[in-house]
Each structure stands twice: as C-alpha cells, then as structure tokens.
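Trainee: Could we go through this structure together? I would like to learn what the terms stand on.

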Amino acid sequence: MSGDIAIRVRNLRTQFGNQVVHDDLELDVRRGEILGVVGPSGSGKSVLLREIVGLDKPTAGEITFPYFDEQNIEPRLGVMFQDGALFSNLTILENVEAPLREHTHLSARLRSEIAALKLAMAGLGPDAHHKKPAQISGGMRKRAAVARALALDPELLFLDEPTAGLDPIAAENFDRMTGELAKSLGLTVFLVTHDLDTLHAICERVAVLYGGKVAALGTIPEITANATGWVKEYFSGPRGRAAGRGAGG
C-alpha cells in the first residue's frame, strides 16, 4: 500500500554526457525501515541519494514521497554526507544550530538547547560543543553530522558512507547508534555503504545497484539465495562470509 511507502522511485534515468548511470531504475523504500544501498563504484549510489533529497535532478523519471506533504518535504529530510560536510569555521554546536537558524524562528537560547540535545542523542557531550570540526576525531565529526541531520526532527534520514574511514570499534558503535536512533525516533533510513558489517548489523533490507538498475532487493538471505555475478561475489566472498558470521554470533 502506498501509505507504507516513504520513497518511490520510478523510471529513473541519470545520464552525464554519454555515461548512463541509472537506466529505468525503480525502487520503493518502506516507512520505518533501514535500507542499505550497495553496488560497485560508479553504480550511482550517492547520485541516487542526492537526487532523492533534491540536490541533483535526474535526466528523467519520478521521485515521490507518497506518505508526506510533498510541498513541504525538505524539513522531513535529514542528510549526513560522507565527509560530514560540517562548516569548518563554526563550532560543533553552531553547526547543529545551522538548520534551526535557517528554517525556524526559535530564540537563540532554544536553538542552543535543541542543538545540545541532538548532540547528546548522537553521543557527543558538552566538551565537544565549542570545538571546531578540525579539533575532534573523524568519528566525532560523523556523529556531529548526524546530530545536524536530526536538528529539524526529520522522518527520513539519509546517510552516505557513514562508517567510511572509521576503525572497526568506532564503526560498530556508529552502527549501534544509527539503529537505536532509527528505532526510538521512528526514522526511515536510506543508507549508502560499502560496509558489509553495517548491512548485517542494522539493515532490514538491501538494494543492490548494478547495471543502472536495482539488480536485487530484499533481506540478505533473500538476495544471497539467488545471487549471481557481482552480487554473489560481494556477499559470498571472504569479507562477506566473515561479516555474516559476525552478525550471526
């Protein structure tokens, strides 16, 4: 039913010159799920994310949000880019306040209190508030970027390679935070990743982009049961098997 669909992509085509990235791509993202999006380099994962959130325009096709007021969709979307994309000249607290300054008429004091709350939800305490992004670790910058993405209480959260560059312990902690936030806030999460551990740990379904389309969609067991080619190699190679064993126990 359309009421259960948060994001609907139909007949999507993305072309840059002679390069076709997406060719008649179709995808439904269910409300309340964490969907992992994987695919080889150049398959258009991050491009698809940017098109869904409205930063880029596809060559053709339609992206809709059946459950939401599409005339006022922007505040419902929270985005964390791969490098965090924090403003280097602002403190961590000011970075999280930025969406509140732009989209609300709240007082400075209330903006600051909300930003501090969002940072706490992302696992960052007051000691990080007045530091610049360059003064904290990469893992902390990613958490701050999640806090900023949550500033306006979105219902759809987009994460682009959230664990890239993190050590295994930091990546595991980040995955745990993502899962807990999604559950407690009722978020729908669109998560672009190469991290097999993340897929096994928190993603309810996985969409595999290959050859310009969604080549496979479902739970990991559903996908691997009939996998061939790149999909089979990705999930059933040594790293894929190790991630699966880790998730299983």
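**The cavity and its lining**

Mentor: Let's begin with the lining of the largest cavity: by class it has seven nonpolar, one polar and no charged residues. Keep in mind that this is a predicted model.

Trainee: Which residues line the largest cavity?

Mentor: They are Val146, Leu157, Leu159, Met177, Thr178, Leu181, Ala182 and Leu187. Helix H5 (168–185) and strand S6 (156–160) each give two or more residues to this lining, and the largest share, four residues, comes from H5.

Trainee: Why is this space called a cavity, and the other one a pocket?

Mentor: A cavity is a set of points where a 1.4 Å probe fits but cannot get out, whereas a pocket is an open set, so the way out decides the name. The search of the whole structure finds one cavity of 30 Å³ or more, and about 40 Å³ of space lies in the largest cavity. The largest pocket holds about 810 Å³.

Trainee: What lies closest to the centre of the largest pocket?

Mentor: Of its 30 lining residues, Val53, Leu55, Glu74, Leu77 and Val79 are the closest to the centre. By class, that lining has 20 nonpolar, four polar and six charged residues.

**The sheet**

Trainee: How many strands form the open sheet, and in what order?

Mentor: Three strands form it, in the order S2-S1-S4, with antiparallel pairing.

Trainee: What makes S2 and S4 edge strands?

Mentor: Strand S2 (19–30) and S4 each have a single partner strand, so one side of each is left without a neighbour in the sheet.

Trainee: How do you know that S1 and S4 pair?

Mentor: Pairing needs at least two bridges. Four bridges join strand S1 (residues 5–16) to S4, so the two strands pair by that rule. One example is Arg13, whose bridge partner in S4 is Ala60. H1 packs on the sheet, touching S1, S2 and S4, and its direction makes about 120° with that of S1.

**Two helices that cross**

Trainee: What describes two packed helices?

Mentor: The angle between their axes and the distance between the axes describe them. For H2 and helix H3 (residues 108–121), the axes come within 9 Å and cross at roughly 120°. Their crossing is right-handed.

Trainee: Which residues of H2 meet H3?

Mentor: In H2 they are Ile92, Leu93, Val96, Glu97, Leu100 and Arg101, and their partners in H3 include Ala108, Arg111 and Leu119. By class, this contact has nine nonpolar, one polar and four charged residues.

Definitions and conventions
Residues are numbered from 1 along each chain as its sequence is written. This is a predicted model: local features need pLDDT of at least 70, side-chain atom pairs count only at pLDDT 80 or more; totals for chains, interfaces and linings use all residues. Side-chain values use heavy atoms; hydrogens and water are left out. On a 1 Å grid over the protein atoms alone, a cavity is a set of points where a 1.4 Å probe fits but cannot get out, and a pocket is an open set with protein on both sides within 12 Å along at least five of seven lines; lining residues have an atom within 4 Å of a point. Grid points are joined across faces, edges and corners, and a volume is the space filled by probe spheres set on the points. Ala, Val, Leu, Ile, Met, Phe, Trp, Tyr, Cys and Pro count as nonpolar, Asp, Glu, Lys and Arg as charged, and the others, Gly among them, as polar. Axes are lines fitted to C-alpha atoms, for helices over the stretch in contact, and angles run from 0 to 180 degrees between N-to-C directions. A crossing is left-handed if the near helix is turned anticlockwise from the far one by less than a right angle, and right-handed if clockwise. Contact means heavy atoms within 4.5 Å.
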